[in-house]
Amino acid sequence: MEQKDVQEYTVEAVETLFVNEFTDGVLNPYAAMLGPLKDGGTIIANTAPGCWGPMITPAIRGGHEVTKPVYVEGAEVGDALVIQIKSIQVTSLATSSGTDEAQADRFIGDPFVKVKCPGCGKLHPKTVMQGIGQESVRCATCDTDTTPFKLTNGYTMAFHPGSEIGLTVGKEAARRIALDAKKFMRTPEKSIQHPIAGFGPSDLIGMMARMRPFVGQLGTTPSKAMPDSHNAGDFGTFLIGAPHEFTMTEDELNIHRTDGHLDISRVREGAVLICPVKVAGGGVYVGDMHAMQGDGEIAGHTTDVSGIVQLQVNVLKKVALEGPILLPNEEDLPYTAKPFTKEEKRIARDLAEEYGVKQIEDCYPLSIVGTGANLNHATDNALERAAKLFNLSINEIKNRATITGSIEIGRNPGVVTATMHIPKAHLKKARIFKPVKRQYDC
């Protein structure tokens with residue numbers, strides 16, 4: 001089955017595309033995309049909360065509810081897309097989250113993907129939300145509690161309008177929010193998820209947190225259909241030999257995934273993501289906005305919110321990537337990876353003169369994303385991708401990451417970035433110098 005021609009659903013590429021439609025949780029390279037968008041055009045997306053809302057909505061089959069992918073004019077397999085995050089705005093007034101426990105009698109193989117009603121046995125049943133609390137998601141056919149996940153330690157957080165502070169609230173306030181959960185979470189009109197704030201958890205009370213919103217899902221469409229939350233090397237391992245239609249081998253997973261499910265907190269306003277194109281048009285999608293998160297997302301979930309994201313997308317021709325490259329904001333770079341100041345360069349020239357070094361490298365920082373079944377595998381993946389991209393040995397890459405950068409955890413169990421300085425000559429040979437220079441023009 002071939003991917004549909006873009007001319008079937010639109011004629012002329014547009015400069016700006018407003019997106020407020022969502023997938024059913026599956027990234028399908030054969031499905032029609034939105035657009036096309038002009039090379040250099042802008043996507044403005046009203047995103048739906050990720051994780052918990054989709055996780056308690058059996059009709060969503062991927063663990064998230066991301067935007068429908070966008071076809072970018074001129075993007076061909078073997079190219080890359082430069083996605084600049086122009087702005088991120090949280091619209092939710094409150095949300096709920098916490099650690100999870102899957103309900104063993106309510107899924108086949110994977111609670112994110114193949115949910116069944118424990119009452120009538122229907123797969124991906126239509127459900128309705130009756131009242132509030134953890135038993136409020138009911139099968140529309142037999143009225144059985146059909147939530148595939150329950151909160152084991154949960155909280156409800158309210159956000160101060162116009163500020164960057166959130167606060168977890170007590171039982172009565174959580175109940176008040178739960179009774180009007182969709183309004184408080186500002187869930188987009190075309191989203192079908194049940195709002196998680198309707199569960200009204202309040203195990204943590206009076207905990208302050210600083211907001212720094214980012215998107216946990218941003219990338220391009222994989223070349224084989226897969227659940228959106230599994231488009232990465234860690235969650236993707238659940239697809240290997242799985243007892244459902246999205247089953248893959250390990251080789252297939254490595255070939256087709258694009259690692260759009262990152263949960264890297266540095267993928268925020270001002271950052272740039274360079275993504276592989278593995279299907280015609282690229283298929284840019286976004287979602288799973290979080291109000292804040294520490295490295296690792298160690299609870300498994302954080303504060304899922306609705307929001308408005310503005311992205312500018314450019315095509316990079318003949319840049320074949322296996323996974324994304326992140327260009328973080330300068331302030332988000334490790335200390336050792338920050339661009340050198342004029343004074344530091346002057347000192348290096350003095351050292352070069354004293355010790356007879358004929359040429360000092362002209363370097364720029366970047367972060368290579370790696371994913372895998374665990375953090376060790378993810379680190380190996382990032383280092384191998386860097387070595388292949390820049391035609392350098394693994395050992396040289398290890399030295400560069402150690403001396404001029406860092407290995408940073410995006411998500412536990414298996415998303416990392418290998419950050420390091422790379423010489424200008426290697427960046428040019430890899431055809432990515434221009435976007436790197438724009439981000440860190442020094």
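A pocket, on a 1 Å grid over the protein atoms alone, is an open set of points where a 1.4 Å probe fits, with protein on both sides within 12 Å along at least five of seven lines; its lining residues have an atom within 4 Å of a point. The structure on screen is a predicted model, in which local features need pLDDT of at least 70 and side-chain atom pairs count only at pLDDT 80 or more, while totals for chains, interfaces and linings use all residues. Residues are numbered from 1 along each chain as its sequence is written, and side-chain values use heavy atoms, with hydrogens and water left out.

Begin by selecting Val90, Ser163, Glu164, Met211 and Pro213, which lie nearest the centre of the largest pocket among its 17 lining residues. This pocket holds about 380 Å³ of space, a volume being the space filled by probe spheres set on the grid points, which are joined across faces, edges and corners. Next, colour strand E5 (residues 80-90), which supplies three residues, the largest share of the lining. Strands (E, at least two residues) and helices (H or I, at least four) are DSSP runs numbered from the N terminus. The lining comprises seven nonpolar, six polar and four charged residues; Ala, Val, Leu, Ile, Met, Phe, Trp, Tyr, Cys and Pro count as nonpolar, Asp, Glu, Lys and Arg as charged, and the others, Gly among them, as polar.

Move to helix H6 (residues 375-390) and helix H7 (residues 394-404), whose axes come within 9 Å and cross at roughly 110°. Axes are lines fitted to C-alpha atoms over the stretch in contact, with angles from 0 to 180 degrees between N-to-C directions. H6 is therefore roughly perpendicular to H7, a term covering 65 to 115 degrees. Show Leu383, Glu384, Ala386 and Ala387 of H6 with Ile394, Ile397 and Lys398 of H7, which make the contact (heavy atoms within 4.5 Å). Five of these contact residues are nonpolar, none polar and two charged.

Finally, inspect the backbone. Gly35 and Pro36 are joined by a cis peptide bond with omega about 10°, and Pro36 lies in strand E3 (residues 34-47). Another cis peptide bond, with omega about 25°, joins Asn412 and Pro413.

Notes
Parallel < 35°, antiparallel > 145°, perpendicular 65-115°, else oblique.
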